[in-house]
Amino acid sequence: MVPGAALVEPPELNKATPKDLTVELTTVQKEVMISGKKVLAETYNGSLVGPTLHVVPGQRVTLKLTNKLGTATNLHFHGMHLSPKGSADNIMLSAQPGHILTYHLDVPANQVPGTYWYHDHEMCSMNGGSMPGMDMSAASANARCDGTESQIGAGLSGTIIVGDSRASLPKAYRGITAHTLALKDAQISGSSSIVYPDGVLEPASPTVRLVNGQYRPTLNVKAGETQLWRIANEGYAIFYDLQLDGGSFTVVGQDGNPSAAPARVKHLLIPPGGRFDVLVTAGATGSTWLRTLAHTTGPEGDGDSYPNTTLMKVNVQQGGGGAGSAAAGAPSGMATSPQVAGPLPGSEPDLSRKPIAQSRRVALSDDGGNNFWINGKLFDMKNPTFKKPARLGTVEEWTLTNTSKHDHPFHLHIAPFQVLSVNGRAQPPADYLDTVTVPHAVNGVAGKVVIRIRFTDFTGMWMFHCHITGHEDNGMMGYVNVVAAG
């Protein structure tokens, strides 16, 4: 692979956003170019990074998924507030090879602008059988049944952008340049294909980190310029701990949720499935790097260890007018990002003083092998994790614990949640997420995260699981039944 090419935005699935939108995605195995190297991957519409879907609140989207793979596949619209029933965000749907699956998505009028993503969520395991606790319908003759880990790892994910989050920023930043940065990694075999289907994906093995499907691309910015970066971790398992050498990030949105208290930070820890909308500001002319820092998800021998790796070169060029003067006296490369006052429009309310309808416990554990449990059980489609359902219009408090020796990123479908505390440390009200990392156990003491959830709009099965997709595929998933009020 040849590094250094100019950063290219992911392809667009659509640019216009009419009230009624029809789009098409086709899953197909195809050779793609990764910075000059031909690699066999599984793609949406022939692209290693799936085309970006643009939607707006109140829109009706018809999405036709044509499956040209040798395995069943489907879609999950990660972070979106959509019904888990019918032909919406229903992960029980499945397109067999050669079939077309049509989704009808009614984007709520109150869906906040931000960065989301879509990916395969096929409910079968890598060995060709059903997930633990599930009896899938018979596939067509000779069809594989590859699970979520295999399909995302082979390339099946892409970005969703709702509206334009720049509209919620102070006036000075509403017209700035925005970039989508889809983070993926690829383990490539000697035969120049993504490791799957040649072998088993392994998060701890050496892997090539990619930005928009490119190896160490270059982004050109003007001295003094502020940009919005929409960053999404669209991989199957790996964490990113991002640092912009010499600069900082101003977080204006996380997991699609506008910030109640925008914060200026030096690094962003992004679990699988996590997203950040951030402002960055260029300094004087020069160059620097966006990198992921060395990170471990547990003690040696138990967690995964990822090395310090450069991801994207940022080349600061001479600006003009205000941009050039804004960089006067700043260091070369990146500078301190702007301070933005909150709360931003669309930010979620603080639930810490709201009455609680129910308290629940979600215990994450494993046997050190290939069994991953929630509350001591493998996922069972026929039985919800909790006997007592949740009711629309209520707020619940869940305590998430982790007795294993590696971190688990916990993801809830349908709605975000507020993080109250992590290992006893209170978190700011701005921390509304749809994926939160539950820390590993230390000296026999379980990691613990406390969250609060508002159940609104949709009844049905609200799924939750670890977003290390191999853990999900091997049992670490559950659901709560949500029923109407009264």
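This is a predicted model: local features need pLDDT of at least 70, side-chain atom pairs count only at pLDDT 80 or more; totals for chains, interfaces and linings use all residues.
Rolling a probe the size of a water molecule over the atoms shows where empty space is left. A search of the whole structure turns up 3 cavities of 30 Å³ or more. Two of them are described here, beginning with the one in the question.

The second largest cavity has a volume of about 70 Å³. Of these, β9 gives the most to the lining, with 3 residues. The residues around this cavity can be picked out by number. Leu48 is one of them. Ile152, Gly153, Ala154 and Gly155 also line the space. So do Lys184, Asp185 and Ala186. The rest of the lining is made of Ile194, Leu210, Gly235 and Tyr236. By class, the lining divides into 7 nonpolar, 3 polar and 2 charged residues.

Now turn to the largest cavity. About 80 Å³ of space lies in it. Its lining has 17 residues, and Pro113, Ser165, Val252, Gly253 and Asp277 lie nearest the centre. The classes here are 6 nonpolar, 8 polar and 3 charged residues. The lining of the largest cavity draws at least three residues from each of domain 1 (12-165) and domain 2 (168-317).

Next, a sheet. Strands of a sheet pair through backbone hydrogen bonds, either parallel or antiparallel. Here, 5 strands form an open sheet with mixed pairing. Read across, the order is β11-β21-β18-β13-β16. The edge strands are β11 (218-222) and β16 (267-270), and each pairs on one side only. On average, neighbouring strands of this sheet are turned by 25 degrees against each other, direction ignored.

Strand β13 (residues 240-244) pairs with strand β18 (residues 286-292). The sense is antiparallel, over 3 bridges. Which residue of β18 stands opposite leucine 242? It is threonine 292.

How values were computed. Residues are numbered from 1 along each chain as its sequence is written. Side-chain values use heavy atoms; hydrogens and water are left out. On a 1 Å grid over the protein atoms alone, a cavity is a set of points where a 1.4 Å probe fits but cannot get out, and a pocket is an open set with protein on both sides within 12 Å along at least five of seven lines; lining residues have an atom within 4 Å of a point. Grid points are joined across faces, edges and corners, and a volume is the space filled by probe spheres set on the points. Ala, Val, Leu, Ile, Met, Phe, Trp, Tyr, Cys and Pro count as nonpolar, Asp, Glu, Lys and Arg as charged, and the others, Gly among them, as polar. Domain bounds come from an automatic or database domain assignment. Helices (H or I, at least four residues) and strands (E, at least two) are DSSP runs, numbered from the N terminus. Two strands pair if DSSP finds at least two bridges between them. Axes are lines fitted to C-alpha atoms, for helices over the stretch in contact, and angles run from 0 to 180 degrees between N-to-C directions.
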